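Welcome, and take a moment to look over the sequence and the model before reading on. The short report below walks through them step by step.

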Amino acid sequence: MAFKESKKSDRGGDRGERGGDEGDDKGRGRGFARKKVCRFCADKNAKVDYKDQPTLKYFVTERGKIIPRRISGNCALHQRAVAKAIKQSRGLALIPYLVLQG
Amino acid sequence: MAEAQKVARLREYETVFLVKPDLTDDTVDKVKDRVRTIVNRDGGKFLRFTIWGKKKTMYPVAKQPRAIYIHAHYLGGSVLVAEVERNLRNYDEVSRFMSKRLADDIDPETRQVQEDVKLAGDVDGDNKPFGGAEREDFGRDEYGGDDFGGDLP
């Protein structure tokens, strides 16, 4: 029983380390990227809104593609909401479907 | 006795629609009045019109590079939304519309009718191309050279 418990806490500690100190681990191989926070979770007042073009612009590339979660740092819930909002916003021509570049 | 009078609960909706950019204010007002009349006639409650003004669209809409955006905010039922959309579809001036439900189960008494708002829209010549200098937050080094970005310029 005691063994099991200690193992559990061990694992928790490991996770803490990974999320922890920023910058220190930077550049030491893969997997130690900066911790990203979902900006909609961080700011309780921020709402995903298809009418809010300036905010949604952050989640599409210059070409008009939706930026994946692993890059934007959104949580699953908010990434789904953002993706939906972008698609709705495209229908109203607030966000492009694609941007042609020369 | 308290439950004798049951208030009709309505849903809260918003509809954004685009009209052609060359319309005068009078014509826009006519479209507005039409929608307002329909909503109030069919058992809804009209809350507010917000005219976002003439804005540049991200791609040509109805062969026009810009459009006037109108936002309507109202309470009603699903039948009412269908009726509003049917009327918008019949209007030649309206090129696009989208309705969205915002909330269920609203007591119409709690929402006040607000005055219409008119925003300026884009000023001509101030149209930044999509993806400008303010996008630098998504630079590559921030993600430690992730494998994404192979197709970024």
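## A strand and its partners

Leu10(B) stands opposite Ile106(B), a residue of strand β4(B).

The predictor gives the complex an ipTM of 0.70 and a pTM of 0.70.

## The two chains at a glance

Chain B has 2 helices and 5 strands, and along the sequence they follow the pattern β-α-β-β-α-β-β. Of its 153 residues, 21% are buried. Among the contacts in chain B between residues at least 6 apart in sequence, 82% join residues at least 24 apart.

Chain A has 5 helices and 0 strands, so to speak a plain α-α-α-α-α pattern when read along the sequence. Of its 102 residues, 18% count as buried. Taking the contacts in chain A with a separation of 6 or more, residues 24 or more positions apart account for 60%.

## Helix α2 of chain B

Helix α2(B) covers residues 78–90, which makes 13 residues. From its first C-alpha to its last, α2(B) reaches 19 Å, close to the 18 Å expected at 1.5 Å a residue.

Which residues of α2(B) are buried? They are Leu80(B), Val81(B), Val84(B) and Leu88(B). These four lie on the same side of α2(B), because they cover an arc of only 100 degrees around the axis. The buried residues of α2(B) pack against β1 (10–19), α1 (25–41), β3 (64–76) and β4 (94–106) of chain B. On the face turned away from the buried side, α2(B) carries the exposed residues Ser78(B), Val79(B), Ala82(B), Arg86(B), Arg89(B) and Asn90(B).

## The largest nonpolar core

In soluble globular proteins, nonpolar side chains tend to be buried together. Here the largest nonpolar core has 38 residues, and those touching the most other members are Ile86(A), Phe17(B), Leu18(B), Val19(B), Tyr69(B) and Ile70(B). At least two residues of this core come from each of these elements: α5 of chain A, and β1, α1, β2 (45–61), β3, α2 and β4 of chain B. Strand β3(B) gives the largest share, with 7 residues.

Apart from neighbours within four places in sequence, Tyr69(B) is in contact with Val16(B), Leu18(B), Trp52(B) and Lys55(B).

Leu92(A) sits in the segment after α5 (76–91) of chain A. Is Leu92(A) buried or exposed? Leu92(A) is buried, because 22 other C-beta atoms lie within 10 Å, and the cut-off for a buried residue is 20 or more.

## How confident is the predictor?

Chain A has a mean pLDDT of 76, and 65% of its residues reach 70 or more. Among the elements of chain A, α5(A) has the highest mean pLDDT (94), while helix α1 (residues 2–19) of chain A has the lowest (42). Over residues 1–27 of chain A the pLDDT is below 50, and this stretch has 7 contacts in the model beyond near neighbours in sequence.

For chain B the mean pLDDT is 79, with 75% of its residues at 70 or more. Residues 125–129 of chain B have pLDDT below 50, and beyond near neighbours in sequence this stretch has 2 contacts in the model. Residues 131–153 of chain B also stay under 50, and the model has 16 contacts for them beyond four places in sequence. Where pLDDT is low, the predicted coordinates should not be read in detail.

Note on methods: Residues are numbered from 1 along each chain as its sequence is written. Chains are lettered from A and ligands numbered from 1 in the order in which they are written. This is a predicted model: local features need pLDDT of at least 70, side-chain atom pairs count only at pLDDT 80 or more; totals for chains, interfaces and linings use all residues. The expected span of a helix is 1.5 Å times one less than its number of residues. A residue is buried if 20 or more other C-beta atoms lie within 10 Å of its own, exposed if 12 or fewer, and partly exposed in between; C-beta atoms are placed from the backbone. The arc is that of the directions from the helix axis to the C-beta atoms. pLDDT is the predictor's confidence in each residue, from 0 to 100. Two strands pair if DSSP finds at least two bridges between them. A nonpolar core is a set of buried Ala, Val, Leu, Ile, Met, Phe, Trp, Tyr and Cys residues joined through C-beta atoms within 7 Å.
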